[in-house]
Every structure is written in C-alpha cells, then in structure tokens.
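Please read it alongside the model.

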Amino acid sequence: MGYNALQDLNMAGVQWELTEQPVIQGIPKTEGKKPSPESTARNTEKNIVVPAVAPVVLDSVTKMLESCNDIDSLMNVIKNVNHPLRSGATNTVLPNIAKNPNGLIIITDMPNTEDDLSGHIFSGNTGDLLDKMLSAIQMSRENVSLIPLVFWKTPGGRTPLSEELKLTRPILDKMIDLLKPQIVITFGTLAATEIGQTNLTSNHGTEIKTDKGYTIIPLFHPNYLILKPSAKKDVWAVLQNVQKMLKMS
C-alpha cells in the first residue's frame, strides 16, 4: 500500500486526521474521562422519554421478502415496509450497496441525525472518518456495502427496541444472503451483540466463523474512535488483517 493512499495517516501512531467534533449531541465534554466502548458512537442527543412503539406483524415483513431475489427488490421492501420507526423519521436511510463488491460488508447500529436528513448511512463526520479508514486499506464505498440495523432514526436517538430490531432482522439476513460476503464487520456494541452475538469490549477484532461461510469481525464504531483516538491503532491492525484476508480469497 503506497503512501499516496495514506495521506491522512500518521503511520507511527495511526492517526486518521479529523478536525470536526464528534456527532454525539447532548454529552458535555469532560476532561480526563475516557468514553466507554459500550456507548459506541450513537447519536444519543438529550435524554428523551419515548413510549414503546406498537408492534407490527412480523409475518407481513416475511411475506414481502418471499419474492425478493435481488437487491433492487429488497430495497423496495425497505422503502415500503410498515415499520413503526418510519413515522418519526425524516427519511428512510437505505443501505449503501457496493457497485463493485469485494466480499466485505459493514453493519452498523442505526442512522444518526445527519443520516436522517441526508437519507444516506454514514453521513457527516463519522462518514468522513469511515472513508479515510477504507481508503487506508485501498477500499471505498464503491466496493464495500454499508448496512444499518434499522433504516430510520430512532426518536431522540435512543437504542432501537427489541421489537424494532426483530422487524428489520429478516431484511438484514436476506441482504447478507444476496450479497454473499466473505467478511462482515460490525461497528459498535449493538451491532456486535445483534449480528455477532458477542461482547465488543472483550472480543474486539475477534474472527467469528459462521455456518454460512462468512466471518464476522466486531470493531469499534468510527465515532468512538473520534472520542478515543488511542483506539485507532487497534482498529488499524484489524483493518490490515481484513485487507489480507480479502486478497487471499
């Protein structure tokens, strides 16, 4: 990998340059306090009490997926599914599907405020950092698919409810089946738990083999890296290994 592809890296300390502030809102900056990976980069905003959403029938989602044989038809399901989060969001945030797939997909938690406004996953500062991370291993959004656990911003940026996650999980599973990845990277605590069934803190960077032939690797969310730059070196080591694994395939 040439240094021209690493303009934003200080190889000694592995520092991805980013001058903007983290996108987490409503959290005061405290000197000397280290953020926990368990908080991973969600757009938490201020504490808002939100009543539980009414559940929808999971069978309706399953029926919509029965006729999905390609990504385009799956995208139509996402656009039309009657998910309870839809009514409170500005836009449906569709996955970024690679035009030239290389066997890698990334699954993240849920859209933040900037994603909600733009309709694109990984907008704003976290997206800028992600692009630098991918560029460092000679990749981009052109060959890496980016998929959120849910496709709408949650009220107040709260963690999605289990019912909300269950309604989109069949869509994620179908998308993984269609994309046939070699490696699935999860970003953040929630994605590590839901997709990898693992604890991010204790298993960061661990390769989890699946019976479907792909490997799951949990990583810190890019926004967590903005909050804790010292964690970048750990992520950098894993990304280099991912690059090698894909080249060997």
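The second largest cavity holds about 40 Å³ of space. A search of the whole structure finds 2 cavities of 30 Å³ or more. The model is predicted: local features need pLDDT of at least 70, side-chain atom pairs count only at pLDDT 80 or more, and totals for chains, interfaces and linings use all residues. Residues are numbered from 1 along each chain as its sequence is written, and side-chain values use heavy atoms, with hydrogens and water left out.

**Cavity terms**
- A cavity is a set of points, on a 1 Å grid over the protein atoms alone, where a 1.4 Å probe fits but cannot get out; lining residues have an atom within 4 Å of a point.
- Points are joined across faces, edges and corners, and volume is the space filled by probe spheres set on them.

**Lining of the second largest cavity**
- The lining residues are Leu104, Ile106, Leu130, Met133, Leu134, Ile137, Ile185, Phe187 and Leu239.
- By class, 9 are nonpolar, with no polar and no charged residues (nonpolar: Ala, Val, Leu, Ile, Met, Phe, Trp, Tyr, Cys, Pro; charged: Asp, Glu, Lys, Arg; polar: the others, Gly among them).
- β1 (104–108), α4 (124–136) and β3 (183–187) each supply at least two lining residues.
- α4 gives the most, with 3 residues.
- Helices (H or I, at least four residues) and strands (E, at least two) are DSSP runs, numbered from the N terminus.

**His83**
- His83 sits in the loop between α2 (71–80) and β1.
- The side chain of His83 reaches the backbone nitrogen of Leu85 at 3.1 Å.
- Not counting residues up to four places away in sequence, His83 touches Trp152, Glu164, Leu167 and Thr168 (contact: heavy atoms within 4.5 Å).

Methods
1 Å grid on protein atoms, 1.4 Å probe; cavity = no way out; pocket = protein on both sides within 12 Å on 5 of 7 lines; lining within 4 Å. Polar contact = N/O pair within 3.5 Å; in protein donor to acceptor, adjacent residues only side chain to side chain.
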